[in-house]
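I opened this one to see how the chain is put together and to check a few spots by eye. Notes as I went.

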Amino acid sequence: MELKYKEVVDDVTEEFMDKTCSSGSFKALLGAQFIGAFTDSLFKMIVSLYAIQLLTSSEAATRLISIIGILYILPFIIFSPVAGHIADRFSKRTVIIVMGLVKVVFSLLAAGALLTGNIWYLCGCLFLFMVDSALFSPAKYGILPELLNEQELSKGNGFIQLCTFVGVILGTAAGGVLFNIWHNSLFAVGLLMALLALVAFGISFLIRAQKVDQVSVHQGVYWGAWQALGGIRRDKGLFLTMIALAFFSFLGQVFQMNILIYGSHVLAIGGDKISILLVAVSLGIAAGSLLAGLASEGKVELGLVPLGVAGITVMSFLLGFGGNFYGALVMLFILGICAGFYTVPLNAFFQRYSPNEQRGQYLSVLNIITSFGSLLAGGFLWFFGGKLAIGSDHIFWMIAVLTAVA
């Protein structure tokens, strides 16, 4: 009788946990992701504004900003195969927790860099921040199918995109504000980032994913990524989705870097207002991601993608005419909404149709290819904006043409 009672209690407990792990664990994942996005964007904004302050020439500032952009992306190319290998070989929950602890250590190093004020030391710490994010990313997205059912996956992607860009919004805004307030004591910003990383580390322990069999990986890490790329190339839907997301990464990185120069040298505004422009884009992407997630509930809605890319084209063309701060603010917000329509259905499609046993590897390859798109953006801006001295307003026209062709 006692044994039977224990079995009933165990069954009820397991059923209860299965029903609640999606909500509680998913919220914990959102919390950790929000703090990570906040600290990454905060630190990048601080480093970028410091670089612009050091170099008054538009061409020189553009070159340094493009280098910062490249360092921001390079870890995803180098370490994504390792990250995918780890996400398939070990518990994704464990990977998320460990990388949370590593982020605490890197944040303390960033505090030291802010104390010295050496721009190259700061760039090195930014690189380390993104190494952590690269190793975290496949586990973060790969765990979604373990936390959510198939009908919830698109909505879940919408919410994690929303959470990410809200973090980017607040981090970017905080970067501009804190740079102005703590201009002579940026070390305090580093300590704040370390504290936030410690909070995210604690939150990650609340994630409880379904138990899945981990893959026994025998091939080399990079060879596994090469094989995963071959699998993606054989699947026309996944391959075209990957290319579309790589193009989006190219656009997004050009916009982020170009807005810094556009605000400073075309609109003639300060760092606080430049951060507001970046906030407008991020807020638009957050709203577009949420709307796309709701519109895609229960399915993957690819019909939103052409609508999104059309809006990006039009808004980029209008930004090329310059104008004033408030006009740019509105256009960048609308552009962000269109970007959310573009990226959410594509990410959901890729996650949904990646094979379960190789999802981490497939997502790591996606990270590599999209990171190449972002890396190309750094080279694009360095060459056209830095070497050929094409104005940041005309860069927007070039983006409009490229998007229309795409």
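This is a predicted model: local features need pLDDT of at least 70, side-chain atom pairs count only at pLDDT 80 or more; totals for chains, interfaces and linings use all residues.

**Whole chain**

I looked up the burial first, and 56% of the 406 residues of the protein chain count as buried. The exposed surface comes to about 17,100 Å², with carbon and sulfur atoms supplying 68% of it.

For secondary structure I got 14 helices and zero strands.

**H3 and H7**

Next I listed who touches whom. On the H3 side I found, among others, Ile97, Leu101, Lys103, Val104, Leu108 and Leu115. On the H7 side the list includes Phe187, Leu191, Met193, Leu198 and Phe201. Sorted by class, the contact of H3 with H7 has 16 nonpolar, three polar and one charged residues.

**Ser204**

I moved on to Ser204, which sits in the loop between H7 and helix H8 (221-234). Is Ser204 buried or exposed? Its relative accessibility is 2%, so I put Ser204 down as buried.

What does the side chain of Ser204 have at 2.6 Å from one of its polar atoms? I found the backbone oxygen of Phe201 there. Phe201 was already on my list for the contact of H7 with H3.

Setting aside residues up to four places away in sequence, Ser204 touches Ile96 and Ile97. Ile97 is also one of the H3 residues that meet H7.

**Gly360**

Last stop was Gly360, in helix H13 (residues 359-387). I read 0% relative accessibility for Gly360, so Gly360 counts as buried too.

Which residues is Gly360 in contact with, leaving aside neighbours within four places in sequence? I noted Gly84, Ala87, Asp88 and Pro138.

I also checked Gly360 against Ile143, which is 217 residues away along the chain. Their C-alpha atoms are separated by 9.0 Å.

Notes: Residues are numbered from 1 along each chain as its sequence is written. Side-chain values use heavy atoms; hydrogens and water are left out. Contact means heavy atoms within 4.5 Å. Helices (H or I, at least four residues) and strands (E, at least two) are DSSP runs, numbered from the N terminus. Ala, Val, Leu, Ile, Met, Phe, Trp, Tyr, Cys and Pro count as nonpolar, Asp, Glu, Lys and Arg as charged, and the others, Gly among them, as polar. Buried means under 20% relative accessible area, exposed over 50%, partly exposed in between (1.4 Å probe, protein chains only). Accessible areas come from the Shrake-Rupley method with a 1.4 Å probe; for residues, only the protein chains shown count as cover. A polar contact is a pair of N or O atoms within 3.5 Å; within protein, one must be able to donate a hydrogen and the other to accept it, and residues adjacent in sequence count only if both atoms are side-chain atoms.
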